[in-house]
Amino acid sequence: MQSVIKLLADLLGLRLKDRIALEERLRHIRATAWIALLASGAFSLFNLLTEGMLVLGLVELAAVLLCLLPAVWLSHQPHRVAMAESLMLVAAVAILGGLIVFGGVAGTGVLWVFTAPFLAFFLAGQRRGWWYSLGFIAATASYLLWVAPRLPFAYAYSGEFSAHFVLALCFYTLTAAAFNQLRTRFEEQLQQRVEQKTADSKALLEQMQYLATHDALTGLPNKVRLQDILQDEMLAASEGTQGLVICNLHLERFFELCNVLGSVGADRLVRHIAEHLALLAAGHGTLARTGRDEFVIVYRLSHTALAPKVLQQFIDERQFSVREQGYTLYIEFTLGLAIFPDHADTPQLLLDKAEQAMLQARKGGQQWTLYDAEQEQLFVRHHLLFGKLREALVKQHLQVHYQPQIDLLTGRVLGAEALTRWNDPDSGPIPPAVFIPVAEESGLIRQLTNWVVDECMRDCASWRAQGLDLTVSINLSALNLLDPALLGVLQAGLARTGLQACHVNLEITESCFMASPERAMEVIGRMHDCGFQLSIDDFGSGYSSLTYMKNLPIDELKIDQSFVRRLLQSPGDQAIVASTIELAHNLQLSVVAEGIEDTATADWLRTRGCDIGQGYCFARPAPAEALLAMALRLGTGRELVA
Ligand code: C2E
Ligand code: CA
Ligand code: CA
């Protein structure tokens, strides 16, 4: 029952929106008006030229000129669409009325009249369509019943025909109503679908835009969005008197924290940190997450507020602890700060400067640094040097020089220390004090040491092949001791040159034990087992020297130059050197003093029992040929003088 009521209500246009969108309506009217214009124009011409049809032709011509032509024109004007529809209905009533009255060709004109209900519903909508159609049926029935029999010129329909005709009109009205209702509903559904799809796409687009500009984990603005934010803040800051502080926060030991907490715990921790930082930024600036372990705060601060005390407070607030999975985790940041407008005037540059400052702080082991143009230049030079050094290794711009080590008792050459020289074709000689740290930081030191090992083993083997009893000393860095491949490289060198391990002396400094003492000790132990000689270089300049002396399988101590160079002027240095020599001898180690610049110092050291001397007093580091010449002149080997 309910569905019957619903069907009826729909049919009568009670539930549906009676009118579809204006744009749609205009398109319908335009198409219908043109079709009606062309069809009616053709019929009017046909009727005007056909005998006995003149009046009908004139009626049609009048409908074309007075109604359909203006309807075509009005259908292009959105606010006149109702008038266009009405004109089309008037034209339909006039033409169809004429066809009923005059009958058309042998009374077949009425066949066209069945278009009337379709037009009425189409043009006037579901509800008004009923009024038009029923009115039309009533008018037709009245005409056929009362008017037509009294008009002499009217086409004479039989009573039976008239009844069938009116009945057929009623049937077509119902069909037209049902058809129009289906059409309207279809269009309405289509419209709804389009609106839904448009809304879905809009939401999707908004979501994509959000994801492209925000960090998925914390919902904070990301790098992309930060650029826009910074641009706005810079604009506002330049209009007012406020400056901006761009603060790059690097979360320290994040990967260790991730390992401890697992990825879910680490995500929770990041969200927690973000909340904490957001509180600090609230009201003063904006927080963004720019990397896995990196945040940026754009802070609005007046320039006077940038006093060190305020900054320190600002920084202290960024170190805190959280409890996660039962652990208390200390969250530490390293901060790099850049200031607008002092350091840069574009968002990207400001962010870069803050990042550089942060890297600088990390490198220097500081908690924070303010961007410094001079530091940046050093930084850039350092990185340029890294590229150049890599190239120098490939293009063989490096050379090994040798500084002789002299037996202080006999004056003979016992061996030589290999010292790397870099003569850059563009900038000339670059000292080891500059490029060795670059090599160490970049990891190139492995390659460099391998190359030095190759070079000096070949040279030493060649000296020994000429009957000279010489050893060679190679400097090793901390990273070399962590390199599991080093021992293999050394042994391969021995195999290639025929040299024995006892002819190679490996110099290590105390700093080699800082990073990973156990590892370093293990490697040194293995080198000793292979027969290599081991020296502690720069002895006395570092810490815990005595502990290493006791525990390491070393053969030699090299007293640091700083005690030797002003030895004769400094009783303190003399005391240190004398007791070091004694201590070393008690431990069965031989002692080398380096940095001997004059014979008086050499004499002093000899009288105190120092075994070996090295320094400008004997020779500066020089190419292999110079060492060969010196060894030939002074003699080699450890024999005692008579
Ligand atoms: P080091 O191992 O302590 O080498 C001794 C340094 O003192 C050398 O400096 C040498 O030229 C210098 N020297 C020698 N006698 C005297 C002297 O009488 N007076 C003065 N003032 N200096 C003297 P150099 O060649 O500039 O090397 C500096 C440092 O660079 C070396 O210190 C060493 O730690 C490192 N180094 C040099 N070549 C290599 C290398 O191939 N590998 C590694 N890992 N480090 C190297
Ligand atoms: Ca050395
Ligand atoms: Ca040294």
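## Close-up views of the predicted model

**A salt bridge at Glu 252.** Glu 252 counts as buried, with a relative accessibility of 15%. Here, buried denotes under 20% relative accessible area, exposed over 50%, and partly exposed the range in between (1.4 Å probe, protein chains only). The model is a predicted one, in which local features require pLDDT of at least 70 and side-chain atom pairs count only at pLDDT 80 or more, whereas totals for chains, interfaces and linings use all residues; side-chain values rest on heavy atoms, with hydrogens and water left out. Residues are numbered from 1 along each chain as its sequence is written, while chains are lettered from A and ligands numbered from 1 in the order in which they are written. Glu 252 and Arg 362 form a salt bridge, their closest N and O atoms being 3.2 Å apart. Arg 362 belongs to helix H10 (residues 347-363) and Glu 252 to the loop between strand S1 (243-251) and helix H8 (254-281), so that distant parts of the chain, 110 residues apart, are linked. Arg 362, at 40% relative accessibility, is partly exposed. A salt bridge is a side-chain nitrogen of Lys or Arg within 4 Å of a carboxyl oxygen of Asp or Glu. Helices (H or I, at least four residues) and strands (E, at least two) are DSSP runs, numbered from the N terminus.

**Helices H10 and H11, joined by Lys 353 and Glu 376.** A salt bridge pairs Glu 376 with Lys 353, and the closest N and O atoms are 3.4 Å apart. Because Glu 376 lies in helix H11 and Lys 353 in helix H10, the pair ties together parts that are 23 residues apart in sequence. Both partners are buried: Glu 376 has a relative accessibility of 18%, and Lys 353 has a relative accessible area of 12%. Elsewhere, Glu 417, Glu 507, Lys 558 and Glu 594 are joined into one network by salt bridges that share partners.

**Helices H2 and H4, joined by Arg 25 and Glu 85.** The whole structure holds 19 salt bridges. One of them brings together the side chains of Arg 25 and Glu 85, at 3.0 Å from N to O. Since Arg 25 is in helix H2 (residues 22-49) and Glu 85 in helix H4 (residues 81-102), the pair ties together parts that are 60 residues apart in sequence. Arg 25 is buried, at 16% relative accessibility, as is Glu 85, at 4%.

**The site of the calcium ion (ligand 2).** This ion is coordinated at 2.1 to 2.3 Å by Glu 417 (OE), Asn 475 (OD1), Glu 507 (OE) and Asp 537 (OD). Glu 417 lies in strand S9 and Asp 537 in strand S13 (residues 533-539), so the pair ties together parts that are 120 residues apart in sequence. Glu 417 and Asp 537 are both buried. Along the sequence, the donor residues of ligand 2 are spaced E-x57-N-x31-E-x29-D. Donors are N, O and S atoms within 2.8 Å of the metal (3.2 Å for Na, K and Ca); water is not among the atoms, so sites may look incomplete.

**The site of the calcium ion (ligand 3).** Asp 537 bridges the calcium ions of ligand 3 and ligand 2, which lie 3.9 Å apart. The donors listed for ligand 3 are Asp 537 (OD), Asp 538 (OD), Glu 594 (OE) and Glu 594 (OE), at 1.9 to 3.1 Å. Asp 538 is in strand S13 and Glu 594 in strand S15 (residues 590-594), so the pair ties together parts that are 56 residues apart in sequence. Asp 538 is partly exposed, with a relative accessible area of 24%, whereas Glu 594 is buried, at 6%.

In helix H12 (residues 432-442), Phe 435, Val 438 and Ala 439 are buried. Viewed down the axis of H12, these buried residues fall within an arc of 100°, so they line one face of the helix. The arc is that of the directions from the helix axis to the C-beta atoms. Ala 433 and Glu 441 are exposed on the face turned away from the buried side of H12. Gly 443 follows H12 and has a positive phi, near 90°.
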